[in-house]
Amino acid sequence: MIPTLPTTRHELGLLYRARPAMAGLLLAGTAAQRWPGTGSPVRRVPGIGWVTADPVVARTVLRDHRSFTILGEGGVGNLWAQILGDWVLDLFDGAGHHDLRSRTRELFTETVSRDLVSAAWDDRVAAAADELRSGGTLDVAHLSRVLVGRMVISLLGIPRPAGHGGSWPDDEGALRIFETGERLASVALGTAGSTILTPAQVATAQGIVAELNAGIPDGWRNAPPDTLLGRCRELGLGLTETSGLASLLMVAGTETAASAMGRITALLIDTGEQHRMLAALRARAGAAVPVPAAGPAGGDERAARLLNPGEGDPVENVVREGLRVTSPASVIGRGVAADVEVGGARLRGGERIMLLVWSANAAAGPFRADRPYLRESRQLWFGAGRHLCLGAALARAEIGALLRMLWEEDRPLHVVRRRAARGVLIPAWSELIVSRT
């Protein structure tokens, strides 16, 4: 029997064109989940270290802060300490990190995140909606990069460039900021084997951080309390902490958010699940309509329900399911801080483990707009434990705002043209042109 692919052929193509070797590792991880052999779900891979695609083991690792660390070899904190300085060691783990999370708990609530998206995006999203409404085409990949760039400008208080005329931010400025974030993220492109950077990589990254953070000192001192920098100040974060947090948000929230926005749009169209989502939205609005066929990826055996128990918003369900299937941050690394046994394997202090997040999430099955909440993975695409993504609510609000605009007229979309990005850290569409049918 030919096994069902974990996702669409277009998604698999994105993975391959981004990083062929990583795509192979992720697919092998998914296969291991579906056809488990004897022995431990934690395996040693030459040149990489320990690897697992098991969602339960991954969550165990992420929640065990005594045995695993974000600061050691394999952890993102190890990268940032080299770029920002040793103060990161306290801020990113241990008591310093706990204090930071406690003080920043209110930075990105669901309500705050929606307000941030509205303030930064409303006019540009309205213009995009007009393009579709008039019968034109829309490049969702381009729009996603513009929107994320605008969010970064808003969050970091990046001022209007000297001599810049017209409105700010404009598309050109937003794209320039987004591409600067891409350059910063690309420093990590070659760190699958080791998170130790070369002096040249450190110098490049430090230059980019200085460029992005140029407006933060003034914003931190003078921004009103309803802005991110103003809230950081009001919550008691110092300038150094605010600058470090801003850098982290930049590298963690640019490519990943734009990638998810384009890929979830394509998944809804390619799988036919847009019809199921639209039917659920009609049902939520009180219209009596039949449930349409699930589309090319589905069948009659699918449940006919439109909303999952306890869920009132079909778009939010799609956002969660889309993040599960795409998992833009496809791998999470941790250093082994102390000897530990996990998943039946004995790991030694000083080693590293890679959690194949995409593989763990994709093993649950192909994209389904009405898939119930999965307890095994939960929000694994955002991490787990005390390092759960600080901007998770913001990412969900961003994706949801885009999807609502694209399908606001209760009409399906089709892809006119698409092109995958090649040789990038985060798989993404460099072009995804859609129109209404």
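Predicted model: local features only at pLDDT ≥ 70, side-chain atom pairs only at ≥ 80, totals over all residues.
Strands of a sheet pair through backbone hydrogen bonds, and the pairing is either parallel or antiparallel. The strands described below give several cases of the antiparallel kind. Strand β1 covers residues 42–45, and strand β2 covers residues 49–52. The two run antiparallel and are joined by 4 bridges. Within this pair, Arg44 stands opposite Trp50 in β2. Together β1 and β2 form a hairpin, with 3 residues between the strands. Gly47 lies in the turn and has a positive phi of about 85°.

Strand β5 spans residues 331–336. Is β5 mostly covered or mostly open? It is mostly covered, as 5 of its 6 residues are buried. β5 pairs with strand β3 (residues 68–69) in the antiparallel sense, over 2 bridges. It also pairs with strand β8 (residues 352–356), again in the antiparallel sense, over 5 bridges.

An open sheet is built from 3 strands in the order β4-β10-β9. Its pairing is antiparallel. The edges are taken by β4 (138–139) and β9 (413–420). Each of these edge strands has a single partner strand, so one side of each is left without a neighbour in the sheet. β9 is joined to β10 (residues 429–436) by 7 bridges, and the two strands run antiparallel. Leu413 has Arg436 in β10 as its bridge partner. Helix α7 (residues 110–133) lies across β4 and β10, and runs at about 55° to β10.

On the α4 side, the contact is made by Trp80, Gln82, Ile83 and Leu84. On the α10 side, Val202, Ala205, Gln206 and Val209 take part. By class, the contact of α4 with α10 has 6 nonpolar and 2 polar residues, with no charged residues.

The second pair is helix α16 (residues 314–326) with helix α18 (residues 392–406). Their axes come within 10 Å and cross at roughly 120°. α16 and α18 are therefore oblique to each other. The crossing of α16 past α18 is right-handed. From α16, the contact includes Val315, Glu316, Val318, Val319 and Leu323. These meet Arg396, Ile399, Gly400, Leu403 and Arg404 in α18. The residues of this contact divide into 6 nonpolar, 1 polar and 3 charged.

Thr30 lies in helix α2, which spans residues 20–34. Is Thr30 buried or exposed? Thr30 has a relative accessible area of 3%. Buried means under 20%, so Thr30 is buried. Which residues does Thr30 contact, leaving aside its neighbours within four places in sequence? Thr30 is in contact with Pro6, Trp358, Ser359, Ala362 and Ala363.

Notes. Residues numbered from 1 in each chain as written. Heavy atoms only, no water. Axes fitted to C-alpha atoms, helices over the stretch in contact; angles between N-to-C directions. Parallel < 35°, antiparallel > 145°, perpendicular 65-115°, else oblique. Left-handed = near helix turned anticlockwise from the far one by under 90°. Contact = heavy atoms within 4.5 Å. Nonpolar A, V, L, I, M, F, W, Y, C, P; charged D, E, K, R; others polar. Pairing = 2+ DSSP bridges. Buried < 20%, exposed > 50% of the residue type's maximum accessible area, 1.4 Å probe, protein only.
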